[in-house]
Amino acid sequence: MSPELTFAMGQYEARIPTDRLYSENHLWLKPEGDGYRVGFTAYSVRLLQDVYFLSWEIESGTTVRKKQDIGEIESSKALSDLFAPYDGDITRFNSLLMDDPSLINSDGYEKGWLYEFQTEAELLTAEQYVELLDGVWEKTQRVIKGQINES
Amino acid sequence: MAGKKLTVVISQSQSKNPAHRDLEETIAADLMMSGEVEVSLVPHLYDMSRDHSGMLFLKGIPGDIVFASWLYPRAAFWTLDRDGIRGQEGITTLHDEEDEEELSEENQQQANGIGSVEVPPRKIYCLDLRSFGDAEPYLDEVKRIVSEATTQTVDLMSFIQGNPKQEQLERYLNPLPILNGNGNGTPPANGANNGSIQNGDGATASNGEPEKVSRRWYPVIDYSRCTNCMECIDFCLFGVYGVDGLDRILVDEQDNCKKGCPACSRVCPENAIIFPQHKSAAIAGAPGEIGNLKIDLSQLFGAPTALEQAALERDTELVADGRDAVGMTVGIPKRQTEENAERDDLDDMLDDLDNLGL
């Protein structure tokens, strides 16, 4: 079995490794200790492109609810709030990213992890996540093109 | 020669956005080549600790300062004040279109506050680098301030001919110097590690360790608005606020503040508490009182009032600390409980509508 799946975004092939789990808001969650390490999937990084700035609005060691606003990201393509993927506890942030958020671009599946997270929630497998991408990709393209046409 | 040259300090963005860096560097390089003003770059103001060399440099500036940063001017001015870098507020003519609308409102509500203390007779002009995407308006504004501030002492010819002094040329060739704490404008000898200086990495403390700048979160008091009513000290249950020897409110233990929590600024009746990094412009120190000018219909649909929101935010932080939530029972200003809050909101909104002349 292949260690990773791919999802075609036009010419670009987003890698979706099978050694970890996923969330509906395009994060990967890789088992680490008694929790998970969380980061952006290649799909979300492709949409963000170069990351310039990342800021968190909560301290580490905070209990969060699914969809709670926890931070903000600025990239060459977007300025967006960031939301917790599931109910759980954010135990630690990746301090390397405060000085150099470009690790999200250069090594998004390893050194560019965002935070460590503990949750009891049921997560998506790589296969389920790719299915989800199949479902949302058309709509995402329309949203992006719509926004570009407006500006 | 001019006795006190104008000093222009550019406080760098936290973001690695190349457009931000370009703007900072273009302004710095142009001003250095003009030779008319002293120019320095320091890390992001809000993140510098009090003994950071950039902060010590700022404290050492004797004369007028133009302070350009990625903050609202009000937020920058009062953050400087809090760190002992005081002066009279220099009036800048640099405003983007949005500011213009707020300006008349802003002028009407001045001088109710208790003001700062020990304000030296010099001016601090705060410019918002987010107002314009190119350097020209900022360079023009610096020229205008120079002519306004020291008409009689400035040697205009050397400016026009653009003869930079040796040390100015040196700084131009080694851009982005972080200055030593001695305040004499001499860049450190190791100032040539190009570009890595952002976030203070290029600055070196006296012990030779690189100076770290980490993200911080704390309130900044605008004393031109603060009436010393003490509602913030009653409301905050984390011991952030205190009083000084003159019984004036101050941010005493800023590191007790809970990251992301802006609750006390919602409680302040004068909008005098600024969290420069908050997403909401009114809380981050935007001109005027945007919260009151723009109608927020979300309250009609069940959103909490500002005080309820503040109590919720405080409860979240209390529970996170393993303490009990207190809801609206502690430190909530009496003005709300004595009145019919619901009717109040409606009245406010109708007043706002009338004011807008719709």
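Student: What makes strand β3 and strand β5 of chain B a pair?

Tutor: Strands pair if DSSP finds at least two bridges between them; β3 (residues 65–69) and β5 (residues 123–128) of chain B have five, in the parallel sense, so they pass that test. One of the bridges links B:Phe67 to B:Cys126 in β5(B). Strands here are DSSP runs of E of at least two residues, and helices are runs of H or I of at least four, both numbered from the N terminus. This is a predicted model, in which local features need pLDDT of at least 70 and side-chain atom pairs count only at pLDDT 80 or more, while totals for chains, interfaces and linings use all residues. Residues are numbered from 1 along each chain as its sequence is written, and chains are lettered from A and ligands numbered from 1 in the order in which they are written.

Student: Which strands of chain B are called edge strands, and why?

Tutor: The open sheet has five strands in the order β2-β1-β3-β5-β4 (chain B), with parallel pairing. Its edges are β2 (38–42) and β4 (88–89) of chain B, each of which pairs on one side only. Helix α5 (residues 136–149) of chain B packs on this sheet, touching β1 (7–11), β3 and β5 of chain B. The direction of α5(B) makes about 170 degrees with that of β5(B), on a scale that runs from 0 to 180 degrees between N-to-C directions.

Student: Why is A:Ala14 called buried?

Tutor: A:Ala14 has 21 other C-beta atoms within 10 Å. Buried takes 20 or more, exposed 12 or fewer, and partly exposed lies in between, with C-beta atoms placed from the backbone, so A:Ala14 counts as buried. This residue sits in strand β2 (residues 12–17) of chain A, and its contacts beyond four places in sequence include A:Phe7, A:Tyr43 and A:Arg46.

Student: Which strands pair with β10(A), and in what sense?

Tutor: Three bridges join β7(A) to strand β10 (residues 88–93) of chain A, running antiparallel, with A:Thr62 opposite A:Ile90. Strand β11 (residues 115–118) of chain A is joined to β10(A) by four bridges, also antiparallel, and there A:Tyr115 is the partner of A:Phe93.

Student: Where is chain B divided into domains, and how do you know?

Tutor: Domain 1 spans 7–87 + 122–200 and domain 2 spans 220–356; the bounds come from an automatic or database domain assignment. Their contact takes eight residues from domain 1 and 11 residues from domain 2 of chain B. The domain 1 side has five nonpolar, one polar and two charged residues.

Methods
Two residues are in contact if their C-beta atoms, placed from the backbone, lie within 7 Å. Ala, Val, Leu, Ile, Met, Phe, Trp, Tyr, Cys and Pro count as nonpolar, Asp, Glu, Lys and Arg as charged, and the others, Gly among them, as polar.
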